[in-house]
Amino acid sequence: MKRFRSAVALVVAAAVFATSVVPVADAVAASPAGARVAAAAPPSSGNARPPAGPPAPRAVVDALALDPATEDRILALDPLHVSEKDIRDTLAGAPAPRIILSHGGVFPVFLIMWSFGKFLNKMGYPEASIRDPASGEWSYTPYDTTDRLAGLIAWAYEHEGMRPMMIGHSQGGLFVVKILKRLAGQFGDSARVYDPIRGSYQDRTTIVDPLTGKERPVVGLSMAYGSAVGAGGIALALPAWWEPLATLRKIPDTVDDFTGFFIDADLIALSFTGNPLDVQYEPTGTANVRNFRLPVTYNHITVPITEDLASDEGARAWIDAYVPGKEQDTSGLSLNAQLHVLWAADVWYSIKKWWVLELQRLIRARRGEAVPDAKAAVAPEPRPVVAPSPQPAAVPPQAPPPTAPPEPKPAG
């Protein structure tokens with residue numbers, strides 16, 4: 001724990017004093033931490049490498065190794081109310097959609113997103129569905145290419161049968177939005193499949209849809225869920241993120257659910273009243289887009305440091321009971337939890353929801369049943385409600401002092 005806190009202190013110092021952006025990918029590859037993670041990487045699905053080309057039609061759904069009783073329990077789950085007991089008794093051991101975490105751009109901020117990945121794993125999400133299937137890294141640099149990530153998302157859906165999710169912090173949040181636009185064809189009308197196991201692109205721009213067995217292009221695929229926290233501000237001065245303000249936070253239909261998180265008075269993302277750059281996220285079509293404003297007590301750099309929440313009994317129970325749209329009071333939690341729990345709980349709620357929805361679609365496809373459109377299967381999530389800070393008691397208005405009656409006018 002002391003070692004991790006030291007790393008966090010280094011992150012804070014780097015964010016304050018850095019005058020240039022260091023490409024994280026090269027630093028991670030050369031670091032001892034990166035080597036240790038790669039060595040400890042969990043194996044990808046199965047022991048053998050998947051074929052270089054697309055899987056045969058129905059190969060993915062037919063390979064689903066769940067007994068009928070477990071499938072029935074999964075189909076009976078309510079995706080809007082997935083409890084810790086549901087994860088422990090029903091979802092444990094079941095496959096899960098791939099989660100792609102994208103960290104900020106200042107070295108070594110990747111350590112912070114690792115904390116969130118470990119939080120997800122301790123809450124019950126499969127580790128192999130979070131870490132890169134080849135390197136074992138917990139998160140991806142925002143300086144990667146949109147082509148590679150779009151191709152990886154296509155590969156993951158084709159080989160795992162469930163649409164991925166993507167969660168970004170700071171510049172990583174900008175990267176999430178850029179990936180959505182790449183899938184929508186904004187930066188090119190085709191994209192090649194990227195095989196992360198072999199570390200190379202494949203010579204094709206289509207996949208075999210694992211649920212229908214039909215060929216479909218990479219461009220136009222959608223993710224189940226995406227989110228960004230603290231995305232914008234100072235980073236927008238970098239050429240990689242230059243885009244007209246009119247489209248900067250427009251979310252295309254290449255994601256079903258998207259949540260944009262803002263932190264009040266965030267001096268790095270420049271989230272404060274009156275800033276013309278601090279506009280809300282909006283859908284360009286049918287995507288369900290939410291905007292969530294976190295309290296001023298949250299810190300731009302450290303908000304994803306959440307691993308300890310999974311070991312905090314009070315915070316874990318609060319997170320388990322969390323439902324968007326209800327007033328959220330965190331005053332009974334530890335101080336550490338109060339600085340992270342709203343973001344962690346809301347993202348975890350959406351992840352659980354889409355884990356169930358995507359797995360239910362995969363099971364129905366395996367059974368030969370009609371696969372419903374996931375977006376239409378549930379109502380949009382309500383807007384979050386955060387308990388307001390206590391206000392001083394109002395002072396009752398004072399009655400005006402009595403006025404003397406006017407003197408009578410003299411007669412005559």
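Tutor: Helices (H or I, at least four residues) and strands (E, at least two) are DSSP runs, numbered from the N terminus. This is a predicted model, where local features need pLDDT of at least 70 and side-chain atom pairs count only at pLDDT 80 or more, while totals for chains, interfaces and linings use all residues. Residues are numbered from 1 along each chain as its sequence is written, and side-chain values use heavy atoms, with hydrogens and water left out.

Student: Where is Leu-80 found?
Tutor: Leu-80 sits in the loop between H5 and H6.

Student: Why does Leu-80 count as partly exposed?
Tutor: Buried means under 20% relative accessible area and exposed over 50%, with partly exposed in between (1.4 Å probe, protein chains only). Leu-80 has 22% relative accessibility, so it counts as partly exposed.

Student: Which residues of helix H5 are buried?
Tutor: In H5 (residues 68–75) they are Thr-70, Glu-71, Ile-74 and Leu-75.

Student: What puts them on the same side of H5?
Tutor: The arc is taken from the directions from the helix axis to the C-beta atoms. These residues cover an arc of only 135°, so they lie on the same side of H5. Their cover includes helix H6 (84–91) and H12, where contact means heavy atoms within 4.5 Å.

Student: Which strands form the open sheet?
Tutor: Two strands pair if DSSP finds at least two bridges between them. Here 5 strands are ordered E1-E2-E7-E9-E11, with parallel pairing. Strand E1 (99–102) and strand E11 (288–294) each have a single partner strand, so they stand at the edges.

Student: How do you know that E2 and E7 pair?
Tutor: Strand E2 (residues 165–169) is joined to strand E7 (residues 223–229) by 5 bridges, and the definition asks for at least two.

Student: What makes a nonpolar core?
Tutor: It is a set of buried Ala, Val, Leu, Ile, Met, Phe, Trp, Tyr and Cys residues joined through side-chain atoms within 4.5 Å. The largest one here has 102 residues, and Leu-294 and Trp-343 are among those that touch the most other members. Helix H12 (residues 341–366) gives the most to this core, with 17 residues.

Student: What does Leu-294 touch?
Tutor: Not counting residues up to four places away in sequence, its contacts include Val-229, Phe-261, Leu-342 and Trp-343.
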